[in-house]
Amino acid sequence: MKIGVIGTGYVGLIQAVGLAHLGFKVVAYDIDSSKIEILKKGTPPIYEKGLKELLHQNRERIIFTSSVEDLKGSEVVFVCVGTPQDAKGKANLNFVFSAIESLKPLLTGKEIVVLKSTVPVGTNRKVQKFVGNKAFVVSNPEFLREGIAVDDFFNPERVVLGFGENHPKWVMEKMLKIYEYFLKKEVPFVVTNWESAELIKYASNTFLAMKISFINELARLSEKVGADIKDVAKGMGLDSRIGNKFLNAGIGWGGSCFPKDVSALIWQFKEWEIEPKLPKATKEINEEQILWFLNKIRKHYGGNLSGTFALLGLAFKPYTDDLRESPSLKLAEMLIEEGAFVKGYDYIEGARKNVKKLVEVKTSTRYSYGLIVCDELKTAVEGVDGVIIAVEYKEWNRENWKEISKLVRNKALFDGRNILKEELIRELIKDGWHYEGVGVKPK
Ligand code: UDX
């Protein structure tokens, strides 16, 4: 079976490579010919663990192309283009509709068009109306986490499929055939209508963001009342109805999904004239959290942030080069605005490179001359007035803190992800460090 994929970003590329690995012949199309050229050479334009190897392994089963005609003859076409938020926070569907528009002339009435892009409720129905009887539209939201997206592709916790009420039976049968590998692995399938499938995606992401915002808000209270948020989260998480995941307090959530999806869900509530109380609070708490953390740092320096800081971690989470809505970079901007000089470091080379590109744009006043990217942790911490952990790499624990102690000018450590282990924190405090986490009490 020939399968088409439109869009070779995080979602599309992994879908294409993953399906090729499952044995399908895949045509991966992207409007961006420079991206296609890179892919033709066998290099993924993004960093994702295991992706390069998987791409090499399945190279002969994928055709990368920037001419849409090559999608002709695909029985199923997955649409994996971006749905960024517009100025109001609403999902922008221009990429989805322009993809469908260019695909439409190639459709013969027997194809399935699968929307993998995260789209507001009602979009699959609109796309079906747009393609008319030239194809059958199916909703199949993705739940890939960046950094472990390849693993998530092969080991999903669920597969969600949304169909139109008038779809013939073979449409579902074909979708189940494509995902037979997961059926055999006994992955739960949720087979439902378009609207429910669309809402499952927004609800899942907003719920996860809400869990984080809840624990972050609680961290502020913990600090006031003398509780330790790590213990609180542990105690809560042991209740299987709550679960221990996504309860790590920190400087807030970012990335390519949570911010835009929470905003888009807020917008959808508003369109139906329902007050989006929890999604709104989720977003507001996240916006405040970083300011709250900055305030903690500011307080330590008596209100004056004109020193030099090492910023550990640059991307929006570990093991990715993706800088979209990175809380770390937001913090950098805020520090610089208050007169600080920031030396950033990230374990992932791609993340460092991407920040360097941002800094090099001299016309951008965002970082002006207040941010430099270091290729070594040693250089980043040398002579600084404070060290800030902004991304939750466990690896920070394994660094040589004795050496770091000698390199910094001032032993102040702000762990914005509560990632350092108690034992290390105790040692650091003994060594004269000032340690501050998020809602924690060093024991
Ligand atoms: C998310 C969803 O998890 C995934 O299912 C969906 O398909 C896309 O959006 P991703 O954006 O890759 O995935 O990141 P995720 O691991 O969910 O983390 C999002 C943000 O939350 C990061 O900035 C992370 O640092 C933060 N986070 C996560 C916390 O602050 N605390 C936590 O406990 C967990």
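Domain bounds are those of an automatic or database domain assignment, and a residue is near a molecule or strand if one of its heavy atoms lies within 4 Å of it. This is a predicted model, in which local features need pLDDT of at least 70 and side-chain atom pairs count only at pLDDT 80 or more, while totals for chains, interfaces and linings use all residues. Residues are numbered from 1 along each chain as its sequence is written, and side-chain values use heavy atoms, with hydrogens and water left out.

**View 1. The ligand between two domains.** Domain 1 (2–187) and domain 2 (227–436) both give residues to the shell around the ligand, so the ligand lies between them. The ligand is surrounded by 20 residues, of which the closest are E146, N248, F316, K317 and E392. Helix 9 (residues 194–225) gives the most to this shell, with three residues; helices (H or I, at least four residues) and strands (E, at least two) are DSSP runs numbered from the N terminus. By class, the shell has nine nonpolar, four polar and seven charged residues, where Ala, Val, Leu, Ile, Met, Phe, Trp, Tyr, Cys and Pro count as nonpolar, Asp, Glu, Lys and Arg as charged, and the others, Gly among them, as polar.

View 2. An oxygen atom of the ligand is 3.0 Å from an N or O atom in the side chain of R417. The protein covers 94% of the 670 Å² of accessible area that the ligand has on its own, as given by the Shrake-Rupley method with a 1.4 Å probe.

**View 3. Loop residues with positive phi.** E186, in the loop between helix 8 (180–184) and strand 8 (189–193), has a positive phi of about 60 degrees although it is not a glycine, and at 70% relative accessibility E186 counts as exposed. Y319 is found in the loop between strand 9 (308–312) and helix 13 (327–337), and its phi is positive, near 55 degrees.

Definitions and conventions. A polar contact is a pair of N or O atoms within 3.5 Å; within protein, one must be able to donate a hydrogen and the other to accept it, and residues adjacent in sequence count only if both atoms are side-chain atoms. Buried means under 20% relative accessible area, exposed over 50%, partly exposed in between (1.4 Å probe, protein chains only).
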